[in-house]
Amino acid sequence: MSDVTMKVWRGDASGGQFEEYTLPRVEGEVVLDVIHRIQATQAGDLACRWNCKAGKCGSCSAEINGKPALMCMSRMVDFPEDEPITVTPLRAFPIIRDLVSDVSFNYEMARKVPAFLPPPVPEGGFRMQQIDVERGQEFRKCIECFMCQDVCHVIRDHEENKPKYAGPRFFIRYAELEMHPLDTNDRREYVRDEMGLGMCNITKCCTEVCPEHIKITDNAIIPLKERVVDADFDPVAWLGRKILRRTKRTPAEAAVQPPL
Amino acid sequence: MSEREHHDYDVIIVGAGGAGLRAAIEARQRGLKVAIICKSLLGKAHTVMAEGGAAAAMGNVYEEDNWKVHFRDTMRGGKMLNNWRMAELHAKESPDRIYELESWGALFDRTKDGKILQRDFGGHRYARLAHVGDRTGLELIRTLQQKAVSMDIDVYMECKVTRLVKDVDGAIAGLVAYWRPTGEFVTFGAKAVVMATGGVGKSWKFTSNSWESTGDGHALALWAGAELIDMECIQFHPTGMVWPLSVRGILVTEGVRGDGGVLRNSEGKRFMFEYVADMFRAETAESEDEADRWYDDHTAGRRPPELLPRDEVARSINSEVKAGRGSPHGGVFLDIASRRSAEFIRRRLPSMYHQFMELAGVDITREPMEVGPTCHYIMGGVKVDPDTAATSVPGLFAAGEVAGGMHGSNRLGGNSLSDLLVFGRRAGMGASDYAEATGTKVMEEAKVTEYIKDALEPFSRDEGENPYDIQHELQEMMQANVGIIRTQSELETAIDKLGEFKERVKNLSVKGGRAYNPGWNLATDLPSMLTVSTCTAMGALLRKESRGGQTREDFPAADPELGKVNFTSSLVSGDSFAGEINIAPQPLSVMPDELKALLEEVK
């Protein structure tokens, strides 16, 4: 079999450059396998993040030929054989080294999510219908690869937005909680005022890169935007909530973490 | 020398998988100052790869189910080598732990009347696994992670613990770690430390485990003076992917078989009917018709043999391949395509569909999968008190895969996720009780200095061994000599080779700087890998019988006398991988009569 050439970005916060590595092609490999062979034979200190190598943990996100992808799920046969493959770190986050970027922004946003708060457990335990849990289950498939955050132009092109913009990964978390059959917190005002939901202009870039094929825009962000609007302006929805007795805690209460 | 970063806590948890997170939540609920330290980012621990479900006798699908049946199934699956008290606590407490997850936001699949749905799995008499499609581990870790984050537990991510440090009286006082992003060292003072570091699978070539599973917790505990038991008992999951080679070992959930998938050889035959051991004959179907009736109604037929415990199925697949009836790439066929509708398969097994489609180009709704055994789980581990998870070292606790005893010589699928919850919580309680009752401990500074120097040594050599070469050779060697079927001569070869690796690891050399240097990170994992591999090989040599996750070609039967002992590893010299390991038999604790009676009566 022929050789394969990889152009890998090497460097740190102070700068860097592409290094070219050529190695024999091996049948059935994914990009992460080739990166591992470079580590083992040519560059022992080449930094990359990975864990499960089965598309389940979302650690090995990178930009391959400029497009965000999980390295463990990117098969070498899907790239043209006669061209080098370029691998760079996620661009929306600060660089740590080589292919590893500092994704701590996402963990800060996770800490800001007002926690799940169920009602007291009724006699005989909670009952929920499959159809009602399925909506949240779609969003809970998220493996936190953060590629949706990487391609979201609100984050990618505007560093200044970060402190007040949760990004698609966390919009699906807010949507999940909003649609959770048991949750009693109302986060609608919070997600609008503090988490920048309005800045998303639904270009669907996030949906396109999601390795779990979650319909981020259609099933999470748009319904969430609608619910936020309803909360303020729709008297019918208000009345409906009264009749169905969906009593959620006020935004002010919701923004406060529950006691231990 | 610049000022070293240092933090003090009441309780520190090493590892952020299911057990570690559950322990941290428990200790934090007690109002203690708690931190979690993990090698990777939060939420990436190996727990995310668990697929099938968490076993708990909630009786939502079969009312007949209860803790007594679950206890019996667990003990029989473990070939009676289990710590009976752990199996008892696990069977009794698992349902509460699952309901607790629900109250923290987990969204399990539901029954028609809105309860938590439970699925069938190997070795479990009733449908017992609470699940979310085939991504239950992800649901579990995300729920615990979100709960922990909401409680203000400090999490030190990408921070590798290299050593435990004791005080002058021999109690745990803290630990030494380094930040992977910078390579800078950091020390933590702690009154109590909970090891929740997971397994050891990365020492084998074909494994379902991620890079993190290097046995750090086992090794650190042993070096600190704790004992390990049953290290020879390694579970080879019967169904890992076998092709393409680069994904060989990746798990194919047992849920495929629970939902109707069957194993066939190259002749198209359902060969598992030929391999039913006497112990399971009374409850296993004799014909395909009978087995097929069982899926819809467990009273209309007995269980299909594809759902025997994992050790039985893995050995059978191995035998078929050896007899020349394997699939083109050296496995057997797992067929659900001809038995269930495409819609059913995609709904019940979404990530399996996804995984085969994207990695192997195989559509599992149309074609069978090629599968074979893969190194999956270590039943053995740190010896702990069943009720408190305390080790023999004051202040040191262990829970989850790193702890031994719960699963005996073979773990039933689904019992691991519930194990994490039950004993994670108990470790959190045990560590909190201990921390509340003890004063602040002071680490021996000389040891701290020594441990940091040890970890940095590979940078001091211009010429030396490449850590990647040693890892690669170790994996090849363990796969060849300490695999699913073992024999005296190969185990002796393994022990000799491990001795050679030990010398070579003393001469490691790494290039580059300390910041996010995977070569150096690997160099700091190798000592743990060698220690646990040595315990496994030595235990396998001493246990001259076949039982669960220990199969000896030269001793194919179980020996009733050996069924009464754990082989216990301890360090007899030094305090590192360079020390000498001794393994000796230790009698199991005696099961009370009322539990013994359960094993007989519930048929």
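These legends walk through several close-up views of a predicted model. Because the model is predicted, local features need pLDDT of at least 70, side-chain atom pairs count only at pLDDT 80 or more, and totals for chains, interfaces and linings use all residues. Residues are numbered from 1 along each chain as its sequence is written, while chains are lettered from A and ligands numbered from 1 in the order in which they are written.

**View 1. Chain A as a whole.** Chain A has 11 helices and seven strands; helices (H or I, at least four residues) and strands (E, at least two) are DSSP runs, numbered from the N terminus. Its C-alpha atoms fill a box of roughly 70 × 40 × 35 Å along the principal axes. Of the 260 residues in chain A, 44% are buried. Here "buried" is for 20 or more other C-beta atoms within 10 Å of a residue's own, "exposed" is for 12 or fewer, and "partly exposed" is in between, with C-beta atoms placed from the backbone.

**View 2. The two domains of chain A.** Domain 1 covers 3-101 and domain 2 covers 104-254 of chain A, with bounds from an automatic or database domain assignment. Their centres, taken over C-alpha atoms, are 32 Å apart. Where they meet, 12 residues of domain 1 of chain A are in contact with 13 residues of domain 2 of chain A; contact is for C-beta atoms, placed from the backbone, within 7 Å. The domain 1 side has seven nonpolar, three polar and two charged residues. In this sorting, Ala, Val, Leu, Ile, Met, Phe, Trp, Tyr, Cys and Pro count as nonpolar, Asp, Glu, Lys and Arg as charged, and the others, Gly among them, as polar.

**View 3. Where chain A meets chain B.** 48 residues of chain A are in contact with 49 residues of chain B. Helix 3 (130-140) of chain A is one of the elements that each supply at least two residues to the chain A side, and helix 3 gives the most, with five residues. Sorted by class, the chain A side has 22 nonpolar, 13 polar and 13 charged residues.

**View 4. The largest nonpolar core.** This core has 250 residues, and B:V193, B:V194, B:M195, B:F397 and B:A398 have the most contacts inside it. Helix 16 (residues 518-542) of chain B brings the largest share, 12 residues. A nonpolar core is a set of buried Ala, Val, Leu, Ile, Met, Phe, Trp, Tyr and Cys residues joined through C-beta atoms within 7 Å. Leaving out residues up to four places away in sequence, B:V194 touches several residues, including B:V11, B:F397 and B:A431.

**View 5. Helix 15 of chain B and its two sides.** The buried residues of helix 15 include B:L491, B:L498 and B:F501. Seen down the axis, the buried residues fall within an arc of 120° (the directions from the helix axis to the C-beta atoms), so they line one face of the helix. Helix 14 (467-481) and helix 16 of chain B are among what covers them. On the other side, B:S489, B:D496, B:G499, B:E500 and B:E503 are exposed.

**View 6. A closer look at B:S569.** B:S569 lies in strand 17 (residues 565-571) of chain B. B:S569 counts as buried because it has 30 C-beta neighbours inside 10 Å. Not counting residues up to four places away in sequence, B:S569 touches B:L222, B:C535 and B:I583, among others.
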